[in-house]
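Please keep the sequence and the model in view while reading.

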Amino acid sequence: MEAEYNPHVIEKKWQERWLAEKTFATGRGGEKYYLLEMFPYPSGKIHMGHVRNYSIGDVVARYQRMLGRDVLHPMGWDAFGMPAENAAIAHGVHPAAWTHGNIDEMRVQLQRMGFSYDWDRELATCDSSYYRWEQLFFLQMLEKGLVYKKKSQVNWCAACQTVLANEQVENGCCWRCGEETESKDLEQWFFRITAYAEELLAGCEALKGKWPERVITMQKNWIGRSVGAEIEFSVVDRDFKIKVFTTRQDTLYGATFMSLAPDHPRARELAAGTGREAAVEAFIDKMRRQERSDRDLAQQEKEGVFTGSYCRNPVTGRKMPIYLANFVLSGYGTGAVMAVPAHDQRDFEFARMYDLPIIVVIQPEGCELVAAELTEAYTGDGVLVNSDRFDGVANRQALDLIAAYLEERGIGRKAVTYRLRDWGVSRQRYWGAPIPIVYCDRCGTVPVPEKDLPVTLPEDVILDGSGGSPLARTEAFVNTVCPRCGAPARRETDTMDTFVESSWYYMRYACANYDKGPLDRAAVDKWLPVDHYIGGIEHAILHLLYSRFFTRVLRDLGYIDFSEPFTRLLTQGMVIKDGAKMSKSKGNVVDPNALIERYGADTARMFSLFASPPELDLEWNDQGVEGAYRFLNRLWRMVFALLPALEKVEPFAGGMAEVPDKYAGLRRKTHQTIARVRSDIEERMHFNTAISAVMELVNELKNHDVESAAKDPVLAALLREAVETVILLLAPIVPHFCEELWSAFGYREGLSYVPVPEYDPDSLVEDTVLVVVQINGKVRERLTVPRDLEEEKVRELAFASHRVQKHTAGKTPRKVIVIPNKLVNIVV
């Protein structure tokens, strides 16, 4: 055993032992605990965000093992996606080879960090043994009406011949080739997530106290439940009506025009024959080329075009012009808005711009609004005016009354709508899970039979950067036979959104090698749901929402019997350097491999855990890394300096009453540290303060030397108890370091399953306490006195204080109250 700390030798030794002995496999008995971090995309190199995320998770996993639990802590790869295709085009390497090569490299990097994964459960979502089962889910969802195909507007790059996600459109151009993008209607496959909108929203309540409130709020807002009314407006000289959803039916009498989304399905039909066709077409084309988001809509200048058609207000009979407007989204409600400019700011700005009428229908208390004098919309509450039979009614009260009136007249109804849209899962890309559908001229759209799954990705494809999915050009893949009639047929060449793979992978870990179905019910019943899930806040909406949706779908398909996938959630902060998130573009990336080469994995782990609480951003600090390395070296030297005296005795196991007074401080500090660390990890997951508490105990150890310990067996036993406590409490944080020190004390078994130390309540009690002295309610003194000192002596010490004497001089105390060990309250 070397007295010099050599992290590279030590870490290699213990990593090889853990792998050989399968130290972190499940099945050791105890209550189950499933700890999971969000799995990575195999880009080829881990970054400091990975180090932090997985270090946080590893502390929890290791700590739970030390609490006696049977811990499932797996790792795998979110392996499909565009980067592999881009790499194939840029470097002439097949996406499969690129991906599996990266997986091999990243596996080694993660193992070098000492993360306690059960590698026998490793999975990669690009393997057909994995995605065959989501193809089965697709077919079963299709049968249940949870999958459908429809035309949908997408971002299209003509140069690349592919659909782009919203985040891949930069300033109206394709992120890959830089060419201008356009909107295009394509047939797309969708998952009917809206069928679960109400349940997903209601489920947020059960997550309170277990998930960050910020994440719950983001999920609720994304689902976006709105209660209001659906109202029908007849179109003048047309044989159809336009439905509008509004949450402000109380303002219906003030509606003076209608605004439609530029891509509303009736847009061109409304312009036909009016002479406005060219203007409407030009506006639609212009809007197609603009990026749109809720934020853009709120900030951009209002713009629109008159369609040439009118509709009628169903309660006033007013003839209302119909406009296309750039601030209306087709994805919310019906894509049509009844415009009430007096009481909606966007409508007000639009009305002023196009000289449209404004009618006040809500008057606030204490003043009278005049339409011509308004400088902005009035959006507050009040009583209705210009609203026929509802005049004088409070507008909030009128919401239900007007909705009921519309229903009675057959022109509307109470309605609930959601911001949430169905999940489009079609991708015109190669590197994804094939959609198990064939198209037959006789039979139409035909699901691939279950016995023919998986539909595997062909590997003999050409990725040359010419755009579009190479699957569509691979005849051996496209050309097949209809499973119903045997006639020639064509395979679907779209692949599934990669969010599909990540929406159920956490279940597959429970039975990663099971081949008789997607899930082994016994294993799933044992391990799921995940007890603690850890990942970045950037996944707060889509990944987590899709996972919650998929869990409910698989429940309803009979695979599982729970509804929420993740019991507890921790969203860790980002790693910041030089005031910005680490990124290659900013040139502020720290390479974890270089860090490990210089300092070792344990130093990297300790710094990432000590520098900040998990939920906050971590500010990178080179001095902080050096500090962590120095601390480990100092502790290493201290333990080996004390070892000759400590290895001859057993750790102290007596009570506080058996500890000599001169060593009481050491015993007390040891057990106070145990109590603090257990509280910090178990209750708050604040590893930084847990490490700080251990450092304080290490500082206490400096007060004792090997010569004194060699002469006094009681001191030696107390020091051994303290040193072993330090090792055990740091073990989840710097495991290689602590394993080596543990073995130095002669323990042959590793410490992965050694119990967390228990504290002795009697050893937590201080000999002295702080007593506050108040005079007429104001704090005038603080006294350190022996614990449980007699009240009379506490009074004497209080009045002996010169500060107390200063404020009581010449005054007679009317009352003195002593609260033992806490307070002296003097009233003069």
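Which strands does helix α11 lie across? Helix α11 (residues 345-354) lies across β10, β11, β12 and β13, and runs at about 105° to β12. Helices (H or I, at least four residues) and strands (E, at least two) are DSSP runs, numbered from the N terminus. The angles run from 0 to 180 degrees between N-to-C directions, with axes being lines fitted to C-alpha atoms, for helices over the stretch in contact.

The model is predicted: local features need pLDDT of at least 70 and side-chain atom pairs count only at pLDDT 80 or more, while totals for chains, interfaces and linings use all residues. Residues are numbered from 1 along each chain as its sequence is written, and side-chain values use heavy atoms, with hydrogens and water left out.

**Overall layout**

- The protein has 26 helices and 32 strands, and its C-alpha trace spans about 105 × 85 × 50 Å along the principal axes.
- Of its 828 residues, 54% count as buried; buried means under 20% relative accessible area, exposed over 50%, and partly exposed in between (1.4 Å probe, protein chains only).
- Among contacts with a separation of 6 or more, 72% join residues 24 or more positions apart, a contact being heavy atoms within 4.5 Å.
- The domain assignment gives domain 1 (28-132 + 500-595), domain 2 (225-418), domain 3 (635-764) and domain 4 (768-827); such bounds come from an automatic or database assignment.
- The centres of domain 1 and domain 4, taken over C-alpha atoms, are separated by 59 Å.

- An open sheet is formed by four strands in the order β11-β12-β10-β13, with mixed pairing; two strands pair if DSSP finds at least two bridges between them.
- Strands β11 (304-312) and β13 (336-339) stand at the edges with a single partner strand each, so one side of each is left without a neighbour in the sheet.
- From one strand to the next, the twist averages 25°.
- Strand β10 (residues 257-260) pairs with strand β12 (residues 319-325) in the parallel sense over three bridges, and methionine 258 has isoleucine 322 of β12 as its bridge partner.
- Helix α9 (residues 277-288) lies across β11 and β12, at about 120° to β11.

**Nonpolar cores**

- A nonpolar core is a set of buried Ala, Val, Leu, Ile, Met, Phe, Trp, Tyr and Cys residues joined through side-chain atoms within 4.5 Å.
- The largest core has 192 residues, of which Phe191, Leu528, Phe549, Phe550 and Leu730 touch the most other members.
- Helix α19 (residues 622-646) gives the most to this core, with 13 residues.
- Both domain 1 (28-132 + 500-595) and domain 3 (635-764) give residues to this core, so it lies between them.
- Leucine 730, leaving aside its neighbours within four places in sequence, is in contact with Met606, Phe631, Leu635, Val694 and Cys738.
- Another core, of 39 residues, lies apart from the largest one and includes Ile231, Phe283, Ala336 and Ile402.

**Helix α3**

- In helix α3 (residues 82-91), the buried residues are Met82, Ala84, Glu85, Ala87 and Ala88, and their cover includes α4 (95-112).

**Salt bridges**

- A salt bridge is a side-chain nitrogen of Lys or Arg within 4 Å of a carboxyl oxygen of Asp or Glu, and the count by this rule is 50.
- Lysine 22 is partly exposed at 45% relative accessibility, and aspartate 120 is partly exposed at 41%.
- Arginine 803 forms a salt bridge with glutamate 781, with the closest N and O atoms 3.1 Å apart.
- Arginine 803 belongs to helix α26 (residues 802-808) and glutamate 781 to strand β30 (residues 778-786), 22 residues apart.
- Arginine 803 is partly exposed at 42% relative accessibility, whereas glutamate 781 is buried at 11%.
- Glu199, Arg548, Arg552, Arg555, Asp556 and Glu564 are linked in a network of salt bridges.
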